[in-house]
Amino acid sequence: MSDSVELEPFPTISTSPESTPSRATGESERKSPHIRVTSSDGNDDREENEIFELHEDKDKPWWKTNFFIREPVLFGTWDGVFTSCILNIFGVVIFLRTGWMVGNAGLGLSALIILLTVSVALITTFSVSGLCTRIQIRSGGVYYILSHILGGRLGGVLGTLYVFGQAISISLYGIGLGEAVALIFEWDSTWAVRGIGFLTVTTLFVIVLAGVKFVIRLQLILLMVIGLSLLDFIVGSFSHTDKDAGFEGYRADLWKANQKPDFDDETFFTVFGVFFTTATGVMAGLNMSGDLRRPKTAITVGSTVAVTVSGILYLLFAFVLAATCVRDKLREDYLMASRVSLVGAIFIAGLFVSSSSSILGAMFQAPRVFQSIALDNRSIAPLRTIAKGRGPNKEPTIAKILVYVIAVLFLFVGHVNDLAPIVTMFFLLTYAATNYAFFALEMSRRTGDRLSYENLDVHDNVVDGGGDGFSSTTPTPRRRRSPSDDIS
């Protein structure tokens with residue numbers, strides 16, 4: 001069977017939402033020629049849709065091919081959105097604070113905290129999905145949506161708060177990893193925790209500077225390690241006991257004793273404030289919208305599946321710990337879940353990987369949102385520097401450095417329980433604004449003519465009033481002129 005190669009012409013430039021989004025400026029780009037390999041019987045064997053996929057890497061050194069960006073890279077639902085969301089959601093808190101939560105709040109209130117957290121995350125995910133199907137998603141993620149619907153001023157403020165929350169979450173994950181290492185080696189020193197956190201954050205910052213391609217490839221490996229650690233935890237709960245450590249296996253009396261709350265210098269809201277940080281990965285897919293092949297489909301499916309799977313695993317974690325462990329040990333031993341695991345080293349590896357992946361995700365997302373804010377406000381001199389990108393993917397190097405500096409400063413707080421409520425505040429604000437943005441868009445669609453939201457200009461906003469999003473309690477749509485308006 002002989003093969004022939006067909007070269008299709010360039011398509012015309014499209015202004016539809018399906019056109020390939022630019023990763024830095026938000027402008028539609030011309031698609032590459034389709035190279036179609038056709039066999040002699042007329043069947044298509046392969047179709048390449050992006051011109052950068054046609055470059056040959058065989059003449060390049062392996063370290064350039066695998067570590068640094070030389071061609072634009074776009075990702076899909078599973079390798080981009082789902083992986084980023086699940087790795088950000090499964091952070092250090094689920095490994096170190098689930099037992100502490102059950103020990104203080106009891107299984108009943110712990111389940112309520114988990115359901116509240118997952119409900120907020122799912123509602124926000126549904127709002128994001130609804131927004132993705134109604135407007136064109138470009139670079140900037142959450143900032144792009146908020147600024148185009150609520151106005152540039154309000155969008156810029158909320159986007160900046162979101163970036164700040166992401167930067168502090170890096171400190172949270174770094175401190176969590178340092179805390180775990182200090183517990184393993186029995187180092188009773190806050191400065192040891194801070195030092196380990198600093199080394200971790202700095203090392204991962206250098207990795208992020210290598211570019212998107214390497215980060216995503218590394219995340220796929222990290223996801224496999226986390227999966228193994230979860231399997232190790234479940235298998236260990238059935239296969240052994242460690243009564244000296246407080247793990248006594250499945251017992252009805254433990255299950256009953258751990259149902260009611262027994263707070264020790266904590267309250268329901270302080271425990272909720274710590275655990276809610278497990279929901280900070282919901283926006284991971286949205287924030288990489290400029291690096292996705294089909295943002296609408298990828299964000300909707302990937303984010304929803306990631307939040308649903310995470311919620312089920314959260315409940316499973318809490319149920320296993322409540323049924324197998326003594327309450328006093330759950331409150332005191334942050335590494336209690338590793339005692340339950342069959343091979344504690346595998347679970348610890350999962351903890352290290354979850355912390356590292358959450359830091360990588362936050363370092364990848366926050367600078368891109370910051371860069372988008374700077375691009376839309378380049379009249380301000382300092383923001384012109386932040387707006388500059390490096391390489392084909394317009395990597396926000398300056399924004400990455402600023403996020404890193406903020407994260408290092410908050411590392412000196414030195415405790416997970418102190419940092420977590422701060423992170424929770426910023427993310428609750430962002431989620432509330434995102435849900436309101438969807439509400440505003442839907443109300444605007446219902447109060448006027450059928451509007452074209454697919455091609456909103458950079459500073460258009462649905463809530464009228466000069467772009468600040470505050471001047472009107474009822475969203476007022478601004479309809480675009482159509483050819484029919486000229487016919488009278």
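Me: Why is Glu186 called exposed?
Reply: Glu186 has a relative accessible area of 71%, and the word exposed is used for values over 50%, while buried means under 20% and partly exposed lies in between, with a 1.4 Å probe and protein chains only. Since 71% is over 50%, Glu186 counts as exposed. This is a predicted model, in which local features need pLDDT of at least 70 and side-chain atom pairs count only at pLDDT 80 or more, while totals for chains, interfaces and linings use all residues. Residues are numbered from 1 along each chain as its sequence is written, and side-chain values use heavy atoms, with hydrogens and water left out.

Me: Where does Glu186 lie, and what is its phi?
Reply: Glu186 lies in the loop between helix 6 and helix 7, where a helix is a DSSP run of H or I with at least four residues, numbered from the N terminus (a strand is a run of E with at least two). Its phi is positive, about 60°, although Glu186 is not a glycine. Asp265 also has a positive phi of about 60° without being a glycine, and this residue sits in the loop between helix 9 (252-257) and helix 10. With a relative accessible area of 75%, Asp265 is exposed.

Me: How do you know whether helix 4 and helix 10 are parallel or perpendicular?
Reply: The axes of helix 4 (residues 98-134) and helix 10 come within 10 Å and cross at roughly 75°, where axes are lines fitted to C-alpha atoms over the stretch in contact, and angles run from 0 to 180 degrees between N-to-C directions. Angles under 35 degrees count as roughly parallel, over 145 as roughly antiparallel, 65 to 115 as roughly perpendicular and the rest as oblique. Helix 4 and helix 10 are therefore roughly perpendicular to each other.

Me: Why is helix 7 called roughly antiparallel to helix 17?
Reply: The axes of helix 7 (residues 190-209) and helix 17 (residues 397-410) cross at roughly 175° and come within 11 Å. That angle is over 145, so helix 7 is roughly antiparallel to helix 17. Residues that meet here (contact means heavy atoms within 4.5 Å) include Phe198 and Phe205 in helix 7 and Ile401 and Tyr404 in helix 17.

Me: What makes Phe164 and Phe426 an edge-to-face pair?
Reply: The two rings are 5.5 Å apart, centre to centre, with 65° between the planes. Rings of Phe, Tyr and Trp (its six-membered ring) pair if their centres lie within 6.5 Å, and planes under 30 degrees apart count as stacked, over 60 as edge-to-face and the rest as tilted, so the pair of Phe164 and Phe426 is edge-to-face. Phe164 lies in helix 6 (residues 152-184) and Phe426 in helix 18 (residues 416-447), so the pair ties together parts that are 262 residues apart in sequence. Phe164, at 31% relative accessibility, counts as partly exposed, whereas Phe426 is buried, with a relative accessible area of 13%.

Me: Where is the kink in helix 2 centred?
Reply: Helix 2 (residues 77-89) has a kink of about 30° centred on Thr83, the bend at a residue being the angle between axes fitted to the seven residues ending there and the seven starting there. Helix 2 is also mostly covered, with 11 of its 13 residues buried, and Thr83 is one of them.
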